[in-house]
Amino acid sequence: MEPILIIRPEIALDDFLPIFLSSSFVLLFGLFYVAIYTLVKMERLKKVYMPFAYIFWALQTYCMYFVADKIQSNDFTIKALMVTMVCYLILPHLYYYLNIRSEQRYEQ
């Protein structure tokens with residue numbers, strides 16, 4: 001039985017630095033999105049700062065798409081990554097909604 005080989009296109013040497021930086025920015029922008037969102041929900045920051053959280057999410061999504069495009073991912077993988085990014089936008093909202101609802105329920 002012969003081993004199955006998956007042949008992926010090689011990454012051009014000129015693309016290594018942009019891919020590395022964009023991958024790092026995905027992590028940093030995701031951190032800033034969640035940090036600002038959480039601090040606003042905890043009322044440690046004013047609600048005026050909430051749009052900055054969404055700007056960081058948009059930047060993170062763009063960097064994720066850029067990386068997927070540069071490493072020549074197929075269409076399905078790019079779509080799966082974009083669905084993941086939309087979930088990353090929605091899940092903190094769901095968490096805080098459920099948290100507030102549970103607090104209201106137990107206060108009664």
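Trainee: What conventions apply to numbering, confidence and atoms?
Mentor: Residues are numbered from 1 along each chain as its sequence is written, and side-chain values use heavy atoms, leaving out hydrogens and water. This is a predicted model, where local features need pLDDT of at least 70, side-chain atom pairs count only at pLDDT 80 or more, and totals for chains, interfaces and linings use all residues.

Trainee: Which pattern does the chain follow along the sequence?
Mentor: Helices (H or I, at least four residues) and strands (E, at least two) are DSSP runs, numbered from the N terminus. The chain has 3 helices and 0 strands. Read in order, the pattern is α-α-α.

Trainee: What radius of gyration does the chain have?
Mentor: The radius is taken over C-alpha atoms, and the globule rule is 2.2 Å times the number of residues to the power 0.38. The C-alpha atoms fill a box of roughly 65 × 35 × 20 Å along the principal axes. A compact globule of 108 residues would come near 13 Å, but the chain has 19 Å.

Trainee: How are H1 and H2 oriented to each other, parallel or antiparallel?
Mentor: Axes are lines fitted to C-alpha atoms, for helices over the stretch in contact, and angles run from 0 to 180 degrees between N-to-C directions. Helix H1 (residues 16-41) packs on H2 at about 155°, with the axes 8 Å apart. Angles under 35 degrees count as roughly parallel, over 145 as roughly antiparallel, 65 to 115 as roughly perpendicular and the rest as oblique. H1 and H2 are therefore roughly antiparallel.

Trainee: Which hand does the crossing of H1 and H2 have, and how do the residues of their contact divide by class?
Mentor: A crossing is left-handed if the near helix is turned anticlockwise from the far one by less than a right angle, and right-handed if clockwise. H1 passes H2 in a left-handed crossing. Ala, Val, Leu, Ile, Met, Phe, Trp, Tyr, Cys and Pro count as nonpolar, Asp, Glu, Lys and Arg as charged, and the others, Gly among them, as polar. The contact of H1 with H2 divides into 21 nonpolar, 4 polar and 2 charged residues.

Trainee: At what angle do H2 and H3 cross, and which hand is it?
Mentor: The axes of H2 (residues 50-70) and H3 (residues 75-107) come within 10 Å and cross at roughly 165°. H2 and H3 are therefore roughly antiparallel. The crossing of H2 and H3 is right-handed.

Trainee: Which residues of H3 does H2 meet?
Mentor: Contact means heavy atoms within 4.5 Å. From H2 come Tyr54, Trp57, Gln60, Thr61, Met64, Tyr65 and Ala68; they meet Ile78, Leu81, Met82, Met85, Val86, Tyr88, Leu89 and His93 in H3. By class, the contact has 12 nonpolar, 3 polar and no charged residues.

Trainee: Is Thr61 buried or exposed, and which residues does Thr61 touch?
Mentor: Thr61 lies in H2. Buried means under 20% relative accessible area, exposed over 50%, partly exposed in between (1.4 Å probe, protein chains only). At 13%, Thr61 is therefore buried. Not counting residues up to four places away in sequence, Thr61 touches Met82 and Met85.

Trainee: How do H1 and H3 run, parallel or antiparallel?
Mentor: Their axes come within 11 Å and cross at roughly 25°. The crossing is right-handed. H1 and H3 are therefore roughly parallel.

Trainee: Which residues join H1 to H3, and what are their classes?
Mentor: Gly30, Tyr33, Val34, Tyr37, Thr38 and Lys41 in H1 meet Tyr88, Leu89, Pro92, His93 and Tyr96 in H3. The classes are 7 nonpolar, 3 polar and 1 charged.

Trainee: What phi does Glu43 have, and what phi does Gln72 have?
Mentor: Glu43 sits in the loop between H1 and H2 and is exposed at 69% relative accessible area. Gln72 sits in the loop between H2 and H3 and is partly exposed at 42%. Neither is a glycine, yet phi is positive: about 65° for Glu43 and about 60° for Gln72.

Trainee: How far apart in space are Phe76 and Lys47?
Mentor: Phe76 is in H3 and is exposed, with a relative accessible area of 65%. Phe76 and Lys47 are 29 residues apart in sequence. From C-alpha to C-alpha, the separation is 37 Å.
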